[in-house]
Amino acid sequence: MAQRKKTRKQTVPAGRQTGGKRPFLLTKSLEEPATAFLSQARVELLGNRQAVVDGCKGIIEYSDSCIRLSTPRLILKFTGTGLEIRALTDSSAIVEGTILSLEYS
């Protein structure tokens, strides 16, 4: 007697059936940095020791007591002690030290 090959039928979960059309994947869009969608800077303060600035366009002033960063619409001025830029990319910066104030102008 001839043996039959077992074939597996692939099942598609409910809500995933597209009728031949390719599904739109939102996850690819979420991998883009937030600054790609916003024209403003995003500042995240971690206590008074670190600030993460997304949307940074460049450095205007840099010393251990004052750091001024350019963003698309604002200039951010950090004042404090022992300030330094830990990381700088084309669109973000990390400022570390003891941050005493942050001014927007």
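Tutor: β5 and β6 form a hairpin with 3 residues between them. Helices (H or I, at least four residues) and strands (E, at least two) are DSSP runs, numbered from the N terminus. This is a predicted model, in which local features need pLDDT of at least 70, side-chain atom pairs count only at pLDDT 80 or more, and totals for chains, interfaces and linings use all residues. Residues are numbered from 1 along each chain as its sequence is written, and side-chain values use heavy atoms, with hydrogens and water left out.

Student: In what order do the elements of the chain run from the N terminus on?

Tutor: Count the elements before ordering them. The chain has 1 helix and 6 strands. From the N terminus on, the order is α-β-β-β-β-β-β.

Student: How many residues join β4 to β5 in their hairpin?

Tutor: β4 and β5 also pair in the antiparallel sense, over 5 bridges. The hairpin joins β4 to β5 through a number of residues, namely 4.

Student: Which residue in β6 is the bridge partner of Val53?

Tutor: Look at β2 and β6. They run antiparallel, with 5 bridges joining them. Leu88 stands opposite Ala93 in β6. The bridge partner of Val53 in β6 is also Ala93.

Student: What share of the residues in the chain is buried?

Tutor: Buried means under 20% relative accessible area, exposed over 50%, and partly exposed in between (1.4 Å probe, protein chains only). In soluble globular proteins, nonpolar side chains tend to be buried together. Here the chain has 105 residues, and the buried share is 21%.

Student: Which residues form the nonpolar patch on the surface?

Tutor: Patches are made of residues with over 30% relative accessible area and no salt bridge; like charges are joined within 9 Å, nonpolar side chains (Val, Leu, Ile, Met, Phe, Trp, Tyr) within 5 Å. Accessible areas come from the Shrake-Rupley method with a 1.4 Å probe, and for residues only the protein chains shown count as cover. Leu88 counts as partly exposed because its relative accessibility is 46%. The patch has about 290 Å² of accessible area together, and its members are Ile59, Tyr62 and Leu88.

Student: How far apart are the closest N and O atoms of Arg86 and Glu96?

Tutor: A salt bridge is a side-chain nitrogen of Lys or Arg within 4 Å of a carboxyl oxygen of Asp or Glu. Arg86 is exposed because its relative accessible area is 55%, whereas Glu96 counts as partly exposed because its relative accessibility is 22%. Arg86 forms a salt bridge with Glu96, and their closest N and O atoms are apart by 2.7 Å.

Student: Which residues do salt bridges with shared partners join into one network?

Tutor: The count comes to 5 salt bridges. In one of them, Glu44 pairs with Arg42, with the closest N and O atoms 3.6 Å apart. Arg86 in strand β5 and Glu96 in strand β6 are another pair, 10 residues apart. The network made through shared partners joins Arg42, Glu44 and Asp54.

Definitions and conventions
Two strands pair if DSSP finds at least two bridges between them.
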